[in-house]
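Good morning, and thank you for making the time.

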Amino acid sequence: MTMNSSTCLAELVGVTKIFSRSGSETTALNNVSFRVEKGEMVLLLGPSGSGKTTLLTLLAGFQEPTSGEAYIFGRRVQEYSSAALQELRARHMGFIFQNFCLIESLRVLDNVMMVMQFAGHGRKAARDKAYEYLDRFGVKHLAHAFPHTLSQGEKQRVAVARAIVNGAELVIADEPTGSLATSQGMMIVEFLHESIVKDVISVVIASHDERIASYAHRALHLRDGMLL
Ligand code: ADP
Ligand code: MG
């Protein structure tokens with residue numbers, strides 16, 4: 001996949017997203033314009049139901065706007081086939097979810113290797129990279145453990161390793177501190193912040209946690225689907 005040289009990784013222009021559910025319509029996003037530049041951490045703040053997750057799914061191409069335009073790596077989302085979008089996500093994006101969504105039936109190593117294999121790397125390369133990234137975040141010794149035996153802090157480290165092991169340029173994190181106690185919750189943001197500097201990635205974090213703001217280059221506020 002060829003990437004264009006623009007510094008803009010993803011952009012929404014005048015995007016509205018309306019969901020229809022059993023006869024009633026919800027406007028999850030209302031005329032939102034938003035862009036993510038290379039090497040920045042953008043924080044999306046807003047209460048539950050304000051449209052944060054919807055915005056993230058549009059940036060990752062999981063959904064298309066009802067109106068307006070979404071651009072991912074310089075092209076309109078509709079111009080990609082679903083296979084191309086999958087490949088783009090596998091090779092160029094990383095994801096972190098609220099409860100980390102580690103696969104409980106797989107050991108830590110396999111959780112991280114899997115992402116490399118989705119991106120088309122062979123077993124050997126996937127294993128080497130997985131160990132390298134687990135080591136970087138101080139959890140190499142847990143490679144053969146199952147996720148349920150890890151502390152929340154250890155799971156965060158694995159989740160960050162998994163999100164960026166494929167060389168992701170854009171990391172999307174949906175309420176990564178959501179279920180964590182005060183001091184632990186911020187660690188994941190610190191790791192991501194380090195990676196922005198070291199690997200020149202871009203990070204978009206959705207949260208209702210104002211404490212993250214001190215790490216972010218920009219903080220945007222969503223209210224009822226509108227950017228304030
Ligand atoms: P947040 O992540 O900020 O909590 P969401 O983006 O999940 O907000 O949701 C915004 C609004 O859109 C909510 O009212 C939610 O119920 C609605 N919504 C989100 N996804 C769907 C869907 N697939 N079908 C119907 N309504 C949805
Ligand atoms: Mg959400």
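This is a predicted model: local features need pLDDT of at least 70, side-chain atom pairs count only at pLDDT 80 or more; totals for chains, interfaces and linings use all residues.

**Sheets, helices and ring contacts**

Let me begin with strands β6 and β7 (residues 170–174), which run parallel and are joined by four bridges. Strands here are DSSP runs of E with at least two residues, helices are runs of H or I with at least four residues, and both are numbered from the N terminus. Two strands count as paired if DSSP finds at least two bridges between them. Within this pairing, G94 stands opposite V171 of β7. Helix α5 packs on the sheet and touches both β6 and β7, and its direction makes about 160° with that of β6. Contact here means heavy atoms within 4.5 Å. The angle is taken between N-to-C directions on a scale from 0 to 180 degrees, with axes as lines fitted to C-alpha atoms, for helices over the stretch in contact.

Residues are numbered from 1 along each chain as its sequence is written, chains are lettered from A and ligands numbered from 1 in the order in which they are written, and side-chain values use heavy atoms, with hydrogens and water left out.

In which order do the strands of the six-stranded sheet lie? The order is β6-β7-β8-β3-β9-β10, in an open sheet with mixed pairing. Strands β6 and β10 (226–227) stand at the edges with a single partner strand each, so one side of each has no neighbour in the sheet.

Staying with this sheet, H221 is found in strand β9 (residues 218–223). Its relative accessible area of 28% makes H221 partly exposed; the class lies between buried, under 20%, and exposed, over 50%, using a 1.4 Å probe and protein chains only. Leaving aside residues up to four places away in sequence, H221 touches L45, E210, M226, L227 and L228. The C-alpha atoms of H221 and L44 are separated by 5.9 Å, although these residues are 177 apart along the chain.

There is also an open sheet of four strands, with antiparallel pairing and the order β2-β1-β4-β5. Its edges are β2 (24–37) and β5 (75–76), each with a single partner strand, so one side of each is left without a neighbour in the sheet. Strand β1 (residues 8–21) pairs with β4 in the antiparallel sense over five bridges. Among the residues involved, E11 has Y71 of β4 as its bridge partner.

I now turn to the helices. Which residues of α3 are buried? They are V108, L109, N111, V112, M113, V115 and M116. These buried residues pack against α4 (123–136) and α5 (152–164). Just after α3, G120 takes a positive phi of about 95°.

R107 is partly exposed, at 34% relative accessibility. Not counting residues up to four places away in sequence, R107 touches A143, H144, A145 and F146. For R107 and F146, which are 39 residues apart along the chain, the C-alpha separation is 4.5 Å.

Finally, the aromatic rings. A search of the whole structure finds three aromatic pairs. Rings of Phe, Tyr and Trp (its six-membered ring) pair if their centres lie within 6.5 Å, and planes under 30 degrees apart count as stacked, over 60 as edge-to-face and the rest as tilted. F62 and F95 form a tilted pair, at 5.7 Å centre to centre with 55° between the planes. F62 lies in the loop between α1 (52–59) and β4 (67–72) and F95 in strand β6 (residues 93–96), so this pair ties together parts that are 33 residues apart in sequence. F62 is partly exposed at 48%, whereas F95 is buried at 18%. F95 also forms a stacked pair with F97, at 6.4 Å centre to centre and 10° between the planes. F97 counts as partly exposed, at 36% relative accessibility.
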